[in-house]
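Here is a short briefing on a protein model. Please look at the sequence and the structure, then read the points below.

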Amino acid sequence: MSNAFLIAAPWSNSGKTTVTLGLARYFSNKNYKVQTFKCGPDYIDTIHHSRAAKSPSINLDSVLMSDAHIQDVFRKYSSASDITIVEGVMGLFDGAVKDQGSSAELAKKLDIPVILVVNAKAMAYTIAPILHGLRTFDPEVKIAGVLFNFVKTESHYAFLKEACETVGIPSLGYIPPNEDIKIPSRHLGLHIEDKFEELIEKAAEHVGGHAKTEKLLELTQRNTSNGIHPIYQITESFIKKESDKYLAKGMNPLEKRSLKIAIAKDEAFTFTYVENLAYLKQIGEVVFFSPIHDTKLPEADIIYLAGGYPELYLEQLSKNVEMKKAIKKAVDTGVKILAECGGMMYLGNQIINNEGKPFDMVGVFDFSTTMEQKKLHLGYRKVVFEDETLLGHEFHYSSILEDHYASIAEVYTARDREIETKVYSYKNVLASYIHLYWGEGNFSWLSRTKRIHPLAKEAEDKTDDVHLTNGTYPIAKKTIDRKDDEQLNNGMNPLGEEEIEKTVEPYTTNGIYPIENSVEEEYYFVTFATAKSRISDRMVKFNTRSFIRNLEALTFEQSDIEKMMELFKEAFKRYEIDVVCFNILPDHVHLLLKVEDEKELITQIKNLKGYTSFSYQRYKEWEKEAQKVWAQKFHRKRISKVDNSIEKVTNYIKNNHYKHEARWGEEMSTFIESLHSQEEEK
């Protein structure tokens, strides 16, 4: 036998959380295995739940999560529990849009009954029509019983009990008011120390001693098969479905990727969804660190700076200079960093407390945040990037000062109203006030890896400056002359082969990457041109058609070329584009890149166009009415040995724009010539 129910209320401030904590600890003390969930995106209630039930509490949110994912998560965590308690959110039918995301909607999706907690402090028989309306409004919502809160006397409860009898809903007793079990403020409530442990125990004694717990279990009992209700059973088909889901993404669910992921977790950074962390553990090795107490960062490919309350620990965070330097260095060396809300505030120049005192932070972003003149920003958010859409939730009182950044995504409310909340980007950092949900594996930014030779990273750092001076991107992979290879001269094989016949290193002096037989299907020659005939989708959005028709074509000066080099490099890393080499000219950009097929090529071209045009406009600080913009048209040519395209591309280079090698760049010329030579040999 097992039990499952959702604790809801007609309206907020009825005592749902206190009752949930009290019942969770009460049943846990009686040796039941209790699993708790929270309806909605709230982090703090789950922290309390976890302490009360002695096991991690999980968020279930029908706005952020698909129906299938909700079922999977509920099944995974509750299958072995004796009693499953889901705490609702706000009033029973209160959702983001009508009842979407409400307690009622979740109860229906999970097929579990509802226990109503009613604040009856100033109410008697009038509760009858209210209960009648809640019971009949949506017949699919099964209200199993009512527990009255803040009721002082048995005589008061008599009126309420009569109302239940009239409506036909069982009464589960009443709970008198008790100041000793009042939960502290949202800030203070985070300090789950011995005092809070004492509060939970008192809540268990008080709620469990007054509520009719045996009747509650009787009304919420689930039929089971072999001790597990069918909705919870993990069948072979479910396992296969989960396996197929990961295999479709190129992942083996039984193997972890080689990514190393460092997550900030301490008193200041506490807001994480359990399922988000579960996904990170699927794609890599997860370690935790403290921006307050640690002075060194763990080795990491991704750093996750979760939300929390950094404003409560400003002095400690500010004084930990070594950690701030370590994070700044990680940013400068290209480590991916995802920063949400408090994590984003930490990456700014300063955080100003509510008394106006500033504290220095990491300084990745050239803005500060302040707790002065608090203003609540709250609600579900839809975040539309150029290549994917994510859902999340925003909740904060702080504001950003001196914000000169443009957003790299469009942000909408649950009602599809565009709002001013921004998503910031710098190098490989992605930051915003929004807590994103990716527990379903729907955030490709996290699992993307650079498509470079595994030994290329160090060499790339050492050769950046050399390649930037001649106009090529250092991600080009190169062969090596064995006699110049110190490792080979010392009898070492950098690739781990026992027999050393042919060795490939990331970089050499001739700028050529070894070409394999798959050339005809993988390499594309792409040209971007500055012109007023076509601009990116993002520029269309920000400008009128008349403006577009009157655009002036651009000619890049040397400083512009250097900035465009930087922007294209950032785009290559951001979208993990496998670029052999590229060149920027006064009026053109040319690339030689490798993709799986034309569909991927179109996607990557769109990414390049959108990112570089928007970022270049921001760099120039042009207003949207300005008559100049980095506007591109493009053409592409697949390089294949079966249709003479190698020769065509080579002749195009020689006979059209690139009679002078200096404009083209020696590396790309050498590469194209090598392709041409291979074609002649074949």
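**Nonpolar cores**

Of the 50 residues in the largest nonpolar core, those touching the most other members are Leu60, Leu92, Val114, Leu116, Leu131 and Phe148. A nonpolar core is a set of buried Ala, Val, Leu, Ile, Met, Phe, Trp, Tyr and Cys residues joined through side-chain atoms within 4.5 Å. Buried means under 20% relative accessible area, exposed over 50%, and partly exposed in between (1.4 Å probe, protein chains only).

The model is predicted: local features need pLDDT of at least 70, side-chain atom pairs count only at pLDDT 80 or more, and totals for chains, interfaces and linings use all residues. Residues are numbered from 1 along each chain as its sequence is written, and side-chain values use heavy atoms, with hydrogens and water left out.

- Helices (H or I, at least four residues) and strands (E, at least two) are DSSP runs, numbered from the N terminus.
- Leaving aside neighbours within four places in sequence, leucine 60 has contacts (heavy atoms within 4.5 Å) that include Phe37, Cys39, Met65, Ile70 and Leu110.
- Another core, of 37 residues, lies apart from the largest one; Ala268, Ile292, Phe367 and Val429 are among its members.

**Positive phi in loops**

- Asparagine 13, in the loop between β1 (2–8) and α1 (16–29), is not a glycine, yet its phi is positive, near 60°. Asparagine 13 is exposed because its relative accessible area is 70%.
- Glutamate 576, in the loop between α20 (558–575) and β26 (578–584), also is not a glycine and has a positive phi, near 55°. Glutamate 576 counts as buried because its relative accessibility is 8%.
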